[in-house]
Amino acid sequence: MPMTVIQWFPGHMAKAKREVQEKLKWIDVAFELLDARVPMSSRNPMIDEILGQKPRLILLNKADMADEAVTEQWIRYFHDQGRLALPIDAQSGTGVRQIAAAAKEMVKDKFEKMRAKGIKNPRPVRALIVGIPNVGKSTLINRLAGRHIAKTGDKPGVTKAQQWIKVGKEMELLDTPGILWPKFEDEDVGYKLAVTGAIKDEILNLQDVAVYALRFLSTHYPNRLAERYGLDDIPDDIVALFDAIGRRRGCLTSGGAVDYDKVADIVLYDIRTEKLGRLSFETPASRT
Ligand code: GDP
């Protein structure tokens with residue numbers, strides 16, 4: 001799988017886990033950031049072990065790009081597991097205001113105990129964002145801070161002094177997020193992360209990713225596919241589908257054959273820029 005090109009090795013994973021766990025002692029609540037379009041695939045496979053009993057708020061980021069009905073299903077799914085999940089769009093800020101209130105509610109008991117011990121004005125609730133690369137951690141930190149703090153696209157493993165960022169009066173956030181690895185060993189997960197842009201295109205075979213995406217869309221969103229590319233029906237055969245889209249969009253080589261690389265580019269670009277509308281690539285029923 002293309003994922004092997006990402007520099008995550010067992011040693012890196014152990015280090016990432018250790019780094020997050022070291023930070024846990026400083027915080028009251030962890031924000032587990034997931035991609036709303038692929039909540040399971042964008043989840044660290046060891047997250048329960050890593051976070052342990054630490055109160056956790058799940059944030060389904062990029063909800064602006066996800067299928068709203070499916071996001072609702074995910075929220076119910078997490079609710080049934082006893083976890084609160086909020087849909088957010090860190091880029092525009094939609095839903096972000098609910099985070100501090102939800103975090104405060106989650107640690108209410110702990111803070112009430114502090115008050116019972118005589119601490120009149122307990123400190124702000126302290127939080128840490130954790131998530132896989134590209135899920136939107138830096139964007140969310142900047143959004144919560146109300147100014148530019150975190151560089152988007154920061155690399156894992158780069159350490160610097162940690163600071164608390166004030167989020168209103170009642171919350172503080174660690175300025176460096178916990179960067180965790182996705183579930184590399186699952187090919188299906190790899191494709192979903194690739195389709196949603198969580199893995200850099202340079203290291204991927206885009207035709208493979210587009211094949212995966214088109215098969216998925218043919219099954220789950222056939223009308224969107226037909227409408228976008230002006231197709232009367234969706235061919236079952238994947239090459240025929242590439243051909244049909246290629247001809248409609250004029251992706252032809254000088255010899256008049258369909259240029260499959262170009263078709264792959266167009267399809268992935270269209271998906272990632274919402275030309276096919278808001279899409280979710282997994283549901284609780286398909287991945288539990
Ligand atoms: P990080 O690696 O987890 O820190 O991810 P970044 O914050 O660098 O975000 C990765 C990409 O996702 C950037 O291009 C962001 O602009 C984009 N992004 C982050 N949050 C959202 C969101 O809620 N909606 C959309 N549409 N894009 C987002």
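Start by selecting Asn134, which sits in the loop between strand S4 (125–131) and helix H6 (137–145). Helices (H or I, at least four residues) and strands (E, at least two) are DSSP runs, numbered from the N terminus. The model is predicted: local features need pLDDT of at least 70, side-chain atom pairs count only at pLDDT 80 or more, and totals for chains, interfaces and linings use all residues. Residues are numbered from 1 along each chain as its sequence is written, and side-chain values use heavy atoms, with hydrogens and water left out.

Stay on Asn134 for a moment. Its phi is near 75°, a positive value in a residue other than glycine. Most residues other than glycine have a negative phi. Asn134 counts as partly exposed because its relative accessibility is 42%; partly exposed lies between buried (under 20% relative accessible area) and exposed (over 50%), with a 1.4 Å probe and protein chains only.

Now show the ligand. It is surrounded by 17 residues, and the closest are Gln91, Asn134, Lys137, Ser138 and Thr139; a residue is counted here if one of its heavy atoms lies within 4 Å. Helix H6 gives the most to this shell, with three residues.

- Gln91: an N or O atom of its side chain is 2.6 Å from an oxygen atom of the ligand.
- Lys137: a polar side-chain atom lies 2.8 Å from a ligand oxygen.
- Asn61: the distance from a side-chain N or O atom to a ligand oxygen is 2.9 Å.

Taken alone, the ligand exposes 580 Å², and the protein buries 82% of that. Those areas come from the Shrake-Rupley method with a 1.4 Å probe.

Move along to Lys62, in the loop between strand S2 (56–61) and helix H3 (68–80). Here is another positive phi in a residue other than glycine, near 60°.

For the next stop, select helix H7 (residues 187–195). Seven of its nine residues are buried, among them Val189, Tyr191 and Leu193. What do the buried residues of H7 pack against? Their partners are helix H8 (206–220) and helix H11 (260–272), where contact means heavy atoms within 4.5 Å.

Check both ends of H7 too. At its start, a side-chain oxygen of Asp186 reaches to within 2.9 Å of the backbone nitrogen of Asp188. Just after the helix, Gly197 takes a positive phi of about 85°.

Definitions and conventions: A polar contact is a pair of N or O atoms within 3.5 Å; within protein, one must be able to donate a hydrogen and the other to accept it, and residues adjacent in sequence count only if both atoms are side-chain atoms.
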